[in-house]
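Work through the exercises below with the sequence and the three-dimensional model side by side. Try each task on your own before you read its solution.

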Amino acid sequence: MRRGSLIASFGYAVQGVCYAFRTQRNMRIHTAAAVAVITAAALLHLSWSRWVVLLLAITLVMAMELMNTALESVVDLASPELHPLAKAAKDTAAGAVLLAAVFAVAAGIIVFYRPLMDLLGSGG
Ligand SMILES: Nc1ncnc2c1ncn2[C@@H]1O[C@H](COP(=O)(O)OP(=O)(O)OP(=O)(O)O)[C@@H](O)[C@H]1O
C-alpha cells in the first residue's frame, strides 16, 4: 500500500475534483449554478445565516456529484458489461444527486424569496 504525506493526499483529492469537473457535464453545470448563486448572494448582501444555507446546499450537491462520479468509475471497472446490480448502483447514486439538487433548489427559493421581494418592493 502506498503511503503519502498529508500534502500529497490533499493533491490527490484536488485531482479528483478536477477529474470530475473535466469529465462530468453535470459537475460543470453545478459549478456554473454555484457561481451564479454566490454572485447573487453577494449582490443582495444576504445575512450570514442565509449564506450558510446556500453554502451547505452547494457543498451537498457538489459532494454528491463527486461520490456519484467515484461510484460510476468503480462500477465501470468492476462491471464493464451490463448487469442489473451495476444499473441499480448507478441509478441509486444518481438519485442521491437528484435529491440533493432538489433540496438545493428549494433552499435557494426560500433563501432568496424575501431579499428579492424587498428589492423589488423598494423599486430596485
Ligand atoms: N454496467 C451497466 N449495467 C447496467 N446498466 C448500466 C451500466 N452502466 C450504465 N448503466 C445504465 O445507464 C445509465 C447511464 O450510465 P452512465 O454510465 O452513462 O452514466 P451517465 O448517465 O453518463 O452519468 P453521468 O451523466 O453522471 O456521467 C445508468 O444510470 C444505468 O441505468
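Residues are numbered from 1 along each chain as its sequence is written. This is a predicted model, in which local features need pLDDT of at least 70 and side-chain atom pairs count only at pLDDT 80 or more, while totals for chains, interfaces and linings use all residues.

**Exercise 1.** Find what average pLDDT the chain has.

Solution. Recall that pLDDT is the predictor's confidence in each residue, from 0 to 100. The chain averages 95, and 97% of the residues score at least 70. For the complex, the predictor gives an ipTM of 0.91 and a pTM of 0.91.

**Exercise 2.** Decide whether Glu-72 is buried, partly exposed or exposed, and state which residues surround the ligand.

Solution. Start with the rule: a residue is buried if 20 or more other C-beta atoms lie within 10 Å of its own, exposed if 12 or fewer, and partly exposed in between, with C-beta atoms placed from the backbone. Glu-72 has 18 other C-beta atoms within 10 Å, so this residue is partly exposed. An unreviewed UniProt entry lists Glu-72 under "binding site", although such annotations may be inferred rather than shown by experiment. Next, collect the shell, counting a residue if its C-beta atom lies within 6 Å of the ligand: Gln-24, Asn-26, Asn-68, Glu-72, Ser-79, Leu-82, His-83, Ala-86, Lys-87, Lys-90, Asp-91 and Ala-94. The elements that give two or more residues to this shell are H3 and helix H4 (84-121), and H4 gives the most, with five residues.

**Exercise 3.** Identify which members of the largest nonpolar core touch the most other members.

Solution. A nonpolar core is a set of buried Ala, Val, Leu, Ile, Met, Phe, Trp, Tyr and Cys residues joined through C-beta atoms within 7 Å. Of the 14 residues in the largest one, Leu-54, Ala-57, Ile-58, Val-61, Ala-100 and Ala-104 touch the most other members. H2, H3 and H4 each supply at least two residues of this core, and the largest share, seven residues, comes from H3.

Conventions: Helix = DSSP H or I, 4+ residues; strand = E, 2+ residues; numbered from the N terminus.
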